[in-house]
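Here is a friendly walk through one protein model. Have a look at it first, and then we can go over its salt bridges, its surface and its inside.

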Amino acid sequence: MRSVPPLSRALSFPVTTGIGLMAAIVTLLSKTGKSIEAFTMSSVAYDSEPWRLVISALPHGDAMHLAFNLLWFWILGTQIEEALGHVKAFALIVVLAVGSASAQFALSDGGIGLSGVGYGQVGFLFVMARFDPRLRGAIDRRTLILFGGWFVFCIVTTQLGLWRIANVAHGSGFVLGMLLGAAVAPLRPVVRGIAAFGFAVTFAASLAGAAWWRPYVNLSPTAGHDDAYRGWRALDEDHYELAAKHLERALAVSPDDAGSWVNYGIVLEHLPDHPALDGVTPFECYRRATAADPDDATAYWNLGRMHAARGDADHARQAFARAAALDPAKYAKRQAEWLQDLEGR
C-alpha cells in the first residue's frame, strides 16, 4: 500500500481535509449540547431536505467512531483525490454518501458517519488499484482483510445488541464503490457497461427503497421512530396535516407502535375529513393502541372518551378505570370527573 501523506499536506487535499474538518466540528457540536437534528437522516430527506442524504455522513456517535473514520477517510480519500482530482473525488463522496445512506434507511434505521463512504472508497480502490495505473498499489490485502473483518465484527455486535452499527451502509457502500470503480476503470467497454448498469440499478433501488418501498423492505422494528417523533412534534404544534403525514409513515413501517396510534387518533379527531390510513377512525386507533400496548394509559383514556361519546357507559367506565390504574397521578381525578358526568347523563 502507498505511504500515507503527512497532515502537513492537508491543503493539497481540500476535499478530504474539508469534509474531515466538518465531520469533526459537527460531532463536537453534538457533544456540547447543540442540536444537530438537521444533520441526521430522516424521511424528510425525500420530501424537501435532500441535503440530509449527504450531510448525515458528518456527525459521529463518539470519539472512537470519529477517529476511526477520519483516519481511513484520510488514507483512502487523499489517494483518490490526488489521482482523480478534487471535483471527481468530491462527486464520488457525494454519490457514495447518498447511496449508502439511502440503502441504510430503506432496510433499517437512519445512520450517521462516514463509514458508508469509507467502505465505498475501499470498494472503488479494490477495483481501480488493479486496472488504473494512477491508483496502482492504493490498497493492499491487509486493508481489505481489516475492513472485511470489521464488517463481520460490526454485524455480530449489532445482532448481540452491544452496538448499533449502520451495517447496511457499510455493505451497500462497498458494492456501489466496486461497481462505480469498474464503470470508470480502463476495462473493456462491455465490462464497463455492465458495471455502469449495475451501479445505476443499485443506486436507484437504494433511493426508491428509502423513498417509496420502505414499508415493504424495511427489516427494523424501530424504523418508524423518526416519523413517530416528527408526528408528535407536529401534533404538539397543532400542525395536524403534517402530523398525519409523519404518523402514517411511522405506522406503515411500525404498525405495532401504540404511541403512534394514539397520536394518529388525536389527529383524526381534529381532521374528520382526512382520508385515514386503512380507513380507521379515532376509536379504532385507540383500540389498536391498547392492543399493541396494554399498559398505555393514554390509549385507554382516549378509548374511554370514544366509548362515552358513543353512549357506551359500561365500556367507558372500564377504560377509564384501566387508565387510572395505570397512571393514577394523571387520570384518577379525571376519571372521577368523567364518571360523575356519566352518572348525570
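Let's start with how open a residue is: buried means under 20% relative accessible area, exposed means over 50%, and partly exposed is what falls in between (1.4 Å probe, protein chains only). By that scale Arg-9, with a relative accessible area of 32%, is partly exposed.

A word on what you are looking at: this is a predicted model, where local features need pLDDT of at least 70, side-chain atom pairs count only at pLDDT 80 or more, and totals for chains, interfaces and linings use all residues. Residues are numbered from 1 along each chain as its sequence is written, and side-chain values use heavy atoms, with hydrogens and water left out.

**Salt bridges**

How many salt bridges does a search of the whole structure find? The search turns up 15, where a salt bridge is a side-chain nitrogen of Lys or Arg within 4 Å of a carboxyl oxygen of Asp or Glu. Here are three of them, with their N to O distances.

| Pair | Distance (N to O) |
|---|---|
| Arg-9 and Glu-82 | 3.3 Å |
| Arg-164 and Asp-109 | 3.7 Å |
| Arg-288 and Asp-278 | 3.7 Å |

Take the salt bridge between Arg-9 and Glu-82. This pair links distant parts of the chain, 73 residues apart: Arg-9 sits in the segment before α1 (14–31), while Glu-82 belongs to helix α3 (residues 63–84). Helices here are DSSP runs (H or I, at least four residues), numbered from the N terminus.

Next, the salt bridge between Arg-164 and Asp-109. Those two also link distant parts of the chain, 55 residues apart, with Arg-164 in the loop between α6 and α7 (167–184) and Asp-109 in the loop between α4 and α5. Arg-164 is exposed at 73% relative accessibility, whereas Asp-109 counts as buried at 13%.

Then there is the salt bridge between Arg-288 and Asp-278. Arg-288 lies in helix α13 (residues 282–292) and Asp-278 in the loop between α12 (258–270) and α13, so this pair ties together parts that are 10 residues apart in sequence. Arg-288 is partly exposed at 27%, and Asp-278 is exposed at 62%.

Some salt bridges join up, too: Glu-37, Glu-49, Arg-52, Asp-226 and Arg-230 are linked in a network.

Which helix gives the most to the nonpolar patch? That is helix α6 (residues 141–159), with three residues. Val-152 has its place in α6 and is partly exposed at 48% relative accessibility.

**Inside the protein**

A cavity is a set of points on a 1 Å grid over the protein atoms alone where a 1.4 Å probe fits but cannot get out, and lining residues have an atom within 4 Å of a point.

The largest cavity is lined by 16 residues, with Ser-100, Ala-101, Ile-112, Gly-113 and Ala-169 nearest its centre. Helix α4 supplies the largest share of that lining, four residues.

Key. On a 1 Å grid over the protein atoms alone, a cavity is a set of points where a 1.4 Å probe fits but cannot get out, and a pocket is an open set with protein on both sides within 12 Å along at least five of seven lines; lining residues have an atom within 4 Å of a point.
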